[in-house]
Amino acid sequence: MRIGELARETGVSVRLLRYYEEQGLLTAERTPGGQRVYAADAPRTVRRIRALLDAGLPTRVIREVLDCVCGSDAEVEPCLTPLLLEQLEGIEERIARLEGSRTSLTRLLAPSA
């Protein structure tokens, strides 16, 4: 499957597919002319990458866990639970900081009583 076909099938831009390849998330063979050719399971891999990105995981973490995704596009092996819980805790901490910032800004914008 060529890159344009993969882009059409997955709804992911050619540019993003190249980025996934640069990040070590997606692999392609090269034709003698240098064109990328992806394996038949590439659409599934791209859907898994998208699901993990949507979950807020950075590409460096996705690179570690991608081979451990099984079943559905975002189902992972139980051994990854600690790593994913660590990522979840980081997200929760960032949310708490943002909520604190929102509260502070709201106070600054509130009219004086």
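This is a predicted model: local features need pLDDT of at least 70, side-chain atom pairs count only at pLDDT 80 or more; totals for chains, interfaces and linings use all residues.

Which side chain does Arg50 meet in a salt bridge?

Reply: The side chain of Arg50 meets that of Asp54 in a salt bridge, with 3.9 Å from N to O. That counts as a salt bridge because the cut-off is a side-chain nitrogen of Lys or Arg within 4 Å of a carboxyl oxygen of Asp or Glu. In general, side chains of opposite charge can pair when their charged atoms come close.

Now look at where the two partners sit. Both Arg50 and Asp54 belong to helix α3, and four residues, about one turn of the helix, separate them. Asp54 has a relative accessible area of 61%, so this residue is exposed. Arg50 has 29% relative accessibility and therefore counts as partly exposed.

The largest share, four residues, comes from α3.

For context, the whole structure holds two salt bridges. Glu21 and Arg36 also meet through their side chains, at 2.7 Å from N to O. This pair links distant parts of the chain, with Glu21 in helix α2 and Arg36 in strand β2, 15 residues apart. Arg36 has a relative accessible area of 18%, so this residue is buried.

Technical notes:
Residues are numbered from 1 along each chain as its sequence is written. Side-chain values use heavy atoms; hydrogens and water are left out. Helices (H or I, at least four residues) and strands (E, at least two) are DSSP runs, numbered from the N terminus. Buried means under 20% relative accessible area, exposed over 50%, partly exposed in between (1.4 Å probe, protein chains only).
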